[in-house]
Amino acid sequence: MIDLTTDLKRLGAVKAPPGFAERVLAQVGMADSYARFETVLGDVYVAWNRLGVSAAARSASAAEFEEWFGKDVGRPLQAASPPADLGKKIQDELNGKRRMRFDLRGLTPFEQAVLRKTRQIPRGEVRPYGWVAREIGRPAAVRAVGSALAHNPIPYFIPCHRVVRTDGQIGNYGGGGPEAKKAILTLEGVRLNRLQEMAKAGYRYQGVRTTKIFCYPTCYTGRHALEKNIVWLHDEATARAAGFRPCKVCRPAVVA
Amino acid sequence: MEGVDRLFERMVNEHKDRVFATSLAMTGNRHDAEEVAQDTFFRAYRALGTYSPERIRDLKERAWLHRIAVNVVRNRVRGVKPSLVELNGSESDHSPGPEAQAMERMQLDELATRVAELPVRYREAVVLHHVRDLSYAEVAEALGQPVGTVKANVHRGLKLLRGDNDDRLDD
């Protein structure tokens, strides 16, 4: 060691390793990590950070996902190996168990409310856009609900595919178009043909004669009624006139 | 909160090399250095969240971050001697550079290991003064020690590094 102090100075000029800043930012939730997961829906890229899952997409490649994330979310992003339990959580979530936490920071309070409400729709069921609007206390904002769902950064896991139009059309879908929406709903056990036929005939609710309760057609509580006991109903007024009350689980109308 | 995030992002990018180099000199290997440096920034972020705007404005970022780094190392190694196993340092990242670069890197890692083997009080003083290039007064402030103590510790630390053990004080 010819000149110790010079060497010590050189030691002070050492650079941080590559990716260090991203790892630091990821640790405080300011940068996100992502990985590709094999799921029942095919390969899904999922991004996460300290606060939870922040984005998901069925991109064709890592580069495509990174580009979309950059435009849509705008935080730094790095490929990483996922936390041990994330793969399991993803499978569970797609099987209808709600175990995931989400990071929705980049969204407006209204968008967050829409997505939180949407997450409460159980697997195998669907709700109209108007239902989401009414449930979050903004009954007139049906179109805004539509655009909030169209910009859902975490499709599949926040099930925007479970929100459909009342006229029986399936409605648009950011996670891969109407066909993808149909495919996912079918996979989840929704009887789409029946639903669409009834909707086209103008029926919005189904009542069960024995219980005198009316529900959305996919509601879990009405699904096990005998076919001969089911009546199809056009609207709330007809239902109430016929002595039915709204279901307290799927809440097709404000429960009195 | 948005403001703190912006500030923190800039701080990370501006000081990451410095904080990492200090951590490397303090711990002696790149693996621990990365942990210490990451922890330093993590604590800095949490602290920023609790600071008033005035306090943030008056912050001397460099000294502040180094003070945190020193504390992180102190808390980590309390009772634990730095590991002597990784004499040749570094495995966290084998970027295959030109041979000269690899040689330089090896020498630096070796030096870092030797620095890290110094008793804590000499190590802190030597790292901040010689590696980090802070003045005696700045080092004294960062460590909360009198200037005379710092000078003496730097001097003794360098002596130990030179392999001159004659007047080593028992530690």
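**Reading a predicted two-chain model**

Modeller: Let's start in chain A: strand 2 and strand 3 (residues 52–57) pair in the antiparallel sense, with five bridges between them. Before going on: residues are numbered from 1 along each chain as its sequence is written, while chains are lettered from A and ligands numbered from 1 in the order in which they are written. This is a predicted model, so local features need pLDDT of at least 70 and side-chain atom pairs pLDDT 80 or more, while totals for chains, interfaces and linings use all residues, and side-chain values use heavy atoms, leaving out hydrogens and water.

Colleague: How many residues of strand 2 of chain A are buried?

Modeller: For burial, look at relative accessible area: under 20% is buried, over 50% exposed, and in between partly exposed, with a 1.4 Å probe and protein chains only. In strand 2 (residues 42–49) of chain A, six of the eight residues are buried, so this strand is largely enclosed by the rest of the structure.

Colleague: And what about the order of strands in an open sheet?

Modeller: One open sheet in chain A has four strands in the order 9-7-8-10, with mixed pairing. Strand 9 and strand 10 (245–246) are at the edges with a single partner strand each, so one side of each has no neighbour in the sheet. Strand 8 and strand 10 run parallel, joined by two bridges, and Phe214(A) stands opposite Pro246(A) in strand 10.

Colleague: Which residues touch the most other members of the largest nonpolar core?

Modeller: A nonpolar core is a set of buried Ala, Val, Leu, Ile, Met, Phe, Trp, Tyr and Cys residues joined through side-chain atoms within 4.5 Å. The largest one has 53 residues, and Leu8(A), Leu11(A), Phe8(B), Leu48(B), Trp64(B) and Val115(B) touch the most other members. Elements supplying at least two residues each include helix 1 (4–12) of chain A and helix 1 (2–27) of chain B. Helix 1 of chain B gives the largest share, 11 residues. Apart from this core lies another, of 48 residues, among them Ala35(A) and Cys219(A).

Colleague: Which residues does Phe8(B) touch?

Modeller: Contact means heavy atoms within 4.5 Å. Not counting residues up to four places away in sequence, Phe8(B) touches Val24(A), Leu25(A), Val28(A), Met30(A), Phe41(B), Tyr45(B) and Leu48(B).

Colleague: How many residues does each chain give to the contact between them?

Modeller: Chain B gives 34 residues and chain A gives 23. Buried area is the accessible area (1.4 Å probe) that two parts lose on being put together, summed over both. Here that comes to about 2700 Å², with 70% from carbon and sulfur atoms. Gln38(B), Leu108(B) and Leu111(B) supply 18% of the area that chain B buries against chain A, more than any other three residues.

Colleague: How many salt bridges are there between chain B and chain A?

Modeller: Side chains of opposite charge can pair when their charged atoms come close. The cut-off used is a side-chain nitrogen of Lys or Arg within 4 Å of a carboxyl oxygen of Asp or Glu. Between chain B and chain A there are two salt bridges; one of them joins Asp133(B) to Lys9(A), with the closest N and O atoms 3.9 Å apart.

Colleague: Where do Glu35(B) and Arg76(B) lie?

Modeller: Their side chains meet in a salt bridge at 2.9 Å, N to O. Glu35(B) lies in helix 2 of chain B and Arg76(B) in helix 4 of chain B, so the pair ties together parts 41 residues apart in sequence. Glu35(B) is partly exposed at 39% relative accessibility, and Arg76(B) is partly exposed at 31%. In chain A, Lys117(A) and Glu135(A) also form a salt bridge, at 3.1 Å. Lys117(A) counts as buried at 12% relative accessibility.

Definitions and conventions:
Pairing = 2+ DSSP bridges.
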